[in-house]
Amino acid sequence: MEKSVTPKSNKVSNHIPDDASLSILSKLSIKSLKRFQCVCKQWSMLFQNPYFMNIYRNHIIHTNHSDYHDDEVSLILHHAIEVNSSDTPGHGCRSNLYFVSGDRFENMLKFDFSLPFQVLGPVITIIGSTSINGTLCLSTFFNDEKHVVLWNPATDEFNVIPPSPVESSPYRSVVASVHGFGYDQLNDDYKVIRYVEFNSLTCDELYFRGMSWKDPLFRNVSLEPLWEIYSLKSSTWKKLDVDIPMVFCPETSNVLIRFYLDGMCHWCDKIEIDNDGSYFVSFDVSNEVSFTTPLPLDIDDTFDLRSAKRRLVILNESIGLITYSQEMNTLHISVLGEIGVKESWTKLFIIGSLSFVDYPVEAGRNGDLFLVKKDGELACFNLVTQMVMELGVVGSMIQMVIYKRSLLSIRGINK
C-alpha cells in the first residue's frame, strides 16, 4: 500500500511575531537597545512603548547574574549610634554591623568586628556599597581616611594597609580620601585608590615638632595634591601619573558615593547641580585609566532638580541614578547604558506619591530600595509591589551593603 506524501513548502518566513521580538529585545542591555533603535520605526519607539517598558523593567529588576545568586548574597547594615561612654573618648557615636535577612528583613543579627575597631577606632565607614569576594574595605569616618583595613567577615582574614611614603615627611600634614576599592582581575589583586592633599603646618604644629618655619626643607616642601593606588599583592603604594578629574571632596566621607562594578571603581560627591552639570568618575582597576560620565539634567520639567536628592546605586548589576523630589514627592530612576555617554541614560521608573521619604540610601536586590523616612527611620520600598517595610533603625549615619558571600559561617554573630 502506497503512502501519499504531501509536499512541504520550501518557503521560509522572515516575520517574527511582535510579542516574540519584544521579549527578545527586553533581554538586551540598554547599550544594545540604543544601537538597535535605528533598525526600524517600531524599535526606535521602544522606550515609549508601555508594554515593552513593563517587561524590560521586570528584566532589569529580576535578572539573576552569575555573581548575584540568592544563596551567595546577603545584606550588611552599618549603623552608627550615639553613645555616652568612657570607652569612646572624643566621639559621640559608635558603629555597629548587622547581618540582615528574612523576607521582611525581620532577622537582624549583630556580629563582632573587634579587629577593625582596634585599628580604626569606634566609628568606621565602609568603602563602597558591595563587598568584593567577601572582603570589605573599612576606614575611619572622621574627615581623614589615612587608616584603611581590608577585612573578610566570613574568614576573619584581616589586612592593615600600611602608610604611604608620602606620609613620612614631617614638614606637612596629610589628609587622605579613599575614592575606590576594587579588584584587578588581570593580576588577581585588590587595590585601593585615594586622593591625598597636603597642608602647611601651623606655628603650633611646628613648635610641637621642634621645627622652625625658617628651615629650608619646610619652605621647599611640595603641597601639590596627588592620586595614589595601593596593591595588596605587592603591599606597596605608588603615585598615579594619570589625569583623574577631581570631584568635590566632602567634609565627611559618608557623602562620597563609592562602589565597584565590572572591574571599575566608581565615585562621585553628593551630586550638587551647577551650571556645568554633574558627573561621576570611573576608574579601570586593571588598566589604571579613568573616565567621566555626565549625569542627566533633564529628568523632569515639573520640579527644580537643584532641590532634588540624588544618589548613584547599583541596580541589579547596572548603574542607576535615583532622583527624589521633595516638592513633588516623586521618585525617578534612570539606568546607564554605557560609561562616558550621557545620552545612554534611560529613565525606567517614575513613582509617586512618596510623601514619607527624606532621601534615598541604597538599592538592594529584586527591586528593593532603601530609603530614610522624614522621621529618620530606615525603610525598604519595593519597586514591584510598591510596599514599604520599616527596618526599625533610626539614625543619621546608615549604610546598606550587598555582601557577596554567605554569612552563615561567620564567627562571632550575636543577637
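1. How far apart in helix H4 are Phe52 and Tyr56? They sit four residues apart in H4 (residues 50–62), so about one helical turn separates them. The rings of Phe52 and Tyr56 are stacked, at 5.6 Å centre to centre and 20° between the planes. Both Phe52 and Tyr56 are buried (under 20% relative accessible area, 1.4 Å probe, protein chains only).

2. A word on the basis. The model is predicted, so local features need pLDDT of at least 70 and side-chain atom pairs pLDDT 80 or more, while totals for chains, interfaces and linings use all residues. Numbering runs from 1 along each chain as its sequence is written, and side-chain values use heavy atoms, without hydrogens or water.

3. Rings of Phe, Tyr and Trp (its six-membered ring) pair if their centres lie within 6.5 Å; planes under 30 degrees apart are stacked, over 60 edge-to-face, the rest tilted. The count is 12 aromatic pairs. Ring pairs also join Phe111, Phe113, Phe117 and Trp151 in a cluster.

4. Two charges sit over rings (NZ of Lys or CZ of Arg within 6 Å of the ring centre and within 35 degrees of the ring normal). Arg172 lies over the face of Phe198, 3.8 Å from the ring centre. The charged end of Arg194 is over the ring of Trp237, at 4.3 Å from its centre.

5. The protein chain has seven helices and 25 strands (DSSP runs: H or I, at least four residues; E, at least two; numbered from the N terminus). Of its 415 residues, 50% are buried.
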